[in-house]
Amino acid sequence: MKKTSDPSKKAAFTREAHFKHEGAIMATGQLFYLLAGGLLLACVTGSLLHSSRGVLSWPDTLWVMGVFLMLAGLYAVVGYGLRSFAPWSRYGAGGLALLCLSSVIINPEIHHPVIFSVAVIQKFAMPIGIIITLYAAYLTLFGKGAKVLSPEYRQVISATPETHYAFSKVFLVAGIILVTVQSLKVLTVFVA
């Protein structure tokens with residue numbers, strides 16, 4: 001029987017100790033992808049329905065679409081970073097959490113474009129978007145997140161290629177349901 005070397009044993013032990021946290025970060029990255037897709041779908045559908053039911057003027061509709069498309073892009077980029085365990089994704093998740101929290105706090109009565117844009121995000125953030133985003137910030141900024149999202153841990157992953165994380169079908173179905181509800185809520189900005 002062939003003995004494994006000490007570095008590979010150490011890598012396997014490190015991976016085993018952080019595997020659940022690694023899986024949670026990957027799952028959150030997948031949810032970020034789903035949220036980005038839902039925002040994109042809601043924007044396209046909202047713009048198509050605008051001509052028959054829209055309550056916003058076209059310039060306002062385009063502005064709101066731009067805000068949501070920018071948010072979708074941010075979620076897709078940070079989701080990619082989380083799924084690939086990029087160290088910068090910690091700060092991306094924290095920034096998105098800060099943006100969602102500020103959208104809840106800001107008074108939408110102020111008509112400055114930046115304030116209005118952040119207030120529009122409130123339609124997305126409450127309650128599902130903010131819960132997922134705050135959970136991502138917790139996973140990445142505290143506890144084992146710094147270790148899992150470090151360059152050293154990426155070497156551990158490459159040293160243990162036989163270990164893979166698989167999503168359960170229940171998780172994917174629940175994620176799709178949550179994102180569908182969230183997308184319908186975003187769609188109401190355009191048509192209600």
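Colleague: Which residues form the nonpolar patch on the surface, and what is its accessible area?

Modeller: A patch joins residues with over 30% relative accessible area and no salt bridge, like charges within 9 Å and nonpolar side chains (Val, Leu, Ile, Met, Phe, Trp, Tyr) within 5 Å. A salt bridge is a Lys or Arg side-chain nitrogen within 4 Å of an Asp or Glu carboxyl oxygen, and areas are Shrake-Rupley values with a 1.4 Å probe, with only the protein chains shown as cover for residues. Here the patch is Tyr33, Val77, Tyr80, Trp88, Tyr91, Tyr135, Tyr138, Leu141 and Phe142, about 990 Å² together. Keep in mind that this is a predicted model, where local features need pLDDT of at least 70 and side-chain atom pairs pLDDT 80 or more, while totals for chains, interfaces and linings use all residues. Numbering runs from 1 along each chain as its sequence is written, and side-chain values use heavy atoms, leaving out hydrogens and water.

Colleague: Which elements give two or more residues to the nonpolar patch?

Modeller: Helices are DSSP runs (H or I, at least four residues), numbered from the N terminus. Those elements are α2 (58-83) and α4 (113-141). α4 gives the most, three residues, and Tyr80 sits in α2.

Colleague: Now the inside: which residues touch the most other members of the largest nonpolar core?

Modeller: In soluble globular proteins, nonpolar side chains tend to be buried together. A core is a set of buried Ala, Val, Leu, Ile, Met, Phe, Trp, Tyr and Cys joined through side-chain atoms within 4.5 Å; buried is under 20% relative accessible area, exposed over 50%, partly exposed in between (1.4 Å probe, protein chains only). This core has 36 residues, and Ile25, Phe32, Phe68 and Tyr75 touch the most other members. α1 (6-53) gives the most, twelve residues. Beyond neighbours within four places in sequence, Ile25 is in contact (heavy atoms within 4.5 Å) with Leu82, Phe85, Leu139, Gly145, Val148 and Leu149.

Colleague: How many aromatic pairs are there?

Modeller: Two. Rings of Phe, Tyr and Trp (its six-membered ring) pair with centres within 6.5 Å; planes under 30 degrees apart are stacked, over 60 edge-to-face, the rest tilted. Phe32 and Tyr75 are edge-to-face, 4.8 Å centre to centre with 70° between the planes. They link α1 to α2 across 43 residues, and both are buried. Tyr138 and Phe142 have centres 6.3 Å apart and planes at 35°, so that pair is tilted.

Colleague: Is Phe142 buried or exposed?

Modeller: Phe142 is exposed, at 52% relative accessible area.
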